[in-house]
Amino acid sequence: MCGIIGIVGTGPVSPALYDGLTVLQHRGQDAAGIATADGMRLRIHKGNGLVKDVFDEPQIRLLGGRMGIGHCRYPTAGSEGSDEAQPFYVNSPYGIALAHNGNLINTEALRGQVFAADRRHVNTESDSEVLLNVFAHELAEQGTLSPETVIKAVAGVHARCRGGYAVVSLVLGLGLVAFRDPHGIRPLVLGRRDTPEGIEYAVASESVALDILGFIRVRDIKPGECVVVTPRGELFAQVCAPAAQHAPCIFEFVYFARPDSMMDDVSVHKARMRMGVKLGEKILRLRPDHDIDTVIPIPDTSRTSALELANVLGVKYREGFIKNRYIGRTFIMPGQGERVKSVRRKLNPIPLEFRDRVVLLVDDSIVRGTTSRQIIQMAREAGARKVYLASAAPPVRYPNIYGIDMPAAEELVAHGRSEDDIQHQLGCDWLIYQDLDDLKQAVGGPKQRLTHFDASCFTGEYVTGIDDDYFERIRAQRSDDAKRLRRQA
């Protein structure tokens, strides 16, 4: 899960790209990069670390140009080294820089095609570099450069690539190109800003990046759509993929997106409020005479749901954990050992809120169970009489293959286990999961703006389809053991 942004402005865009990436930092903490176009010259600076650590003021000044793209990386399969920071660049045809959020599920087949048929070299293990070379080949096949030929080239990308992807790209001599996979699994939003010098456009993973830069959110880029913006501020847009079921990733609303973002015309904040209501109603159905004294969120993502849940139950909502703001999101830590260490460094309980109480801890989701086990133990050590745990999402039983690093199935605490078994594994006195239908209704809202989702990590049903040996391959790439062996090699 990465953050991407692209801007076509009337003046230098690198400062705005930097600011936009800092707002999208929650989507990836591993690496960051910016590419800008100044006439027919492309400038790129990228590196490992947080946005603030990769860039300083002199570097931002050197990134001249009125068009640019930015990326903050969250590592998934095959993307753990410094050489895989984005944007990537190829010089043929024209000169293209590209940044990508998501994951292709036919990368290995494409890699073979790119080398054997397209006569292109891929230098890293990243599926993003493969995607760039597919796009470059399809564009070269058009013979000429125009918004129309770029849209045809993106149609070729859609025909060849399978998976979840949102892309921003610079094509020298043309402008900014952005496109989204045919199912709209990964998010991408379009914004506009009117200035005395002319119209400026921006695209980003989340609308919050547009908000802080003063762009008005125009709309979400449609599934399968390609958007081209020229340096003169001309916008061309066309859906260029065969019709497919719109199925955005429901986990964006559960965990990844900022609450102040709008995605596919749905407020993330409101969706999480409704998740809390639905979860509270379920608890009342199961235990109308519950003994819960206090509802405590596991910060930060679950706060909105926890507050609404407490209101439904009619019990106190309290902040019981203090979070160290200088520790990254533990879900996206690169290894199990690092995640285990980070939980204790990240959270510290307030004993006053636990002592002699029956507490209901609320989390957005439970993936590996590592964090949950430690937090439940911390609550007991702080004096809780009973510790219940509620998840605003259903059990995560299957890997996510579209850009979220949910590992091999056997590393998921819910895989192959009943809810009673999971409760025993986590060590809580009662475990409550959100029902999937309730989650879908919570995200869709009363008007049900969205009715279909990629909920594959809960159901094991993958909207793009998968090859028979796919899970064996990702187990070899994405399990913590596989990553540790690669680091030792």
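A: First, the terms. Helices (H or I, at least four residues) and strands (E, at least two) are DSSP runs, numbered from the N terminus. Two strands pair if DSSP finds at least two bridges between them.

This is a predicted model: local features need pLDDT of at least 70, side-chain atom pairs count only at pLDDT 80 or more, and totals for chains, interfaces and linings use all residues. Residues are numbered from 1 along each chain as its sequence is written, and side-chain values use heavy atoms, without hydrogens and water.

Six strands form an open sheet in the order S5-S6-S7-S8-S12-S13, and the pairing is antiparallel. Strands S5 (88-90) and S13 (235-239) are the edges, each pairing on one side only. From one strand to the next, the twist averages 15°. Angles run from 0 to 180 degrees between N-to-C directions; axes are lines fitted to C-alpha atoms, for helices over the stretch in contact.

Now one pair. S7 (residues 163-171) and S8 (residues 175-180) run antiparallel, joined by six bridges. Val168 has Ala178 in S8 as its bridge partner.

Helix H5 (residues 127-142) packs on this sheet. H5 touches S5, S6 (96-104), S7 and S8, and its direction makes about 125° with that of S6. Contact means heavy atoms within 4.5 Å.

Next, the helix pair. The axes of H9 (residues 268-286) and H14 (residues 436-444) come within 8 Å and cross at roughly 145°. H9 contributes Ala271, Arg274, Met275, Lys278 and Arg285 to the contact, while the H14 residues include Leu439 and Val443.
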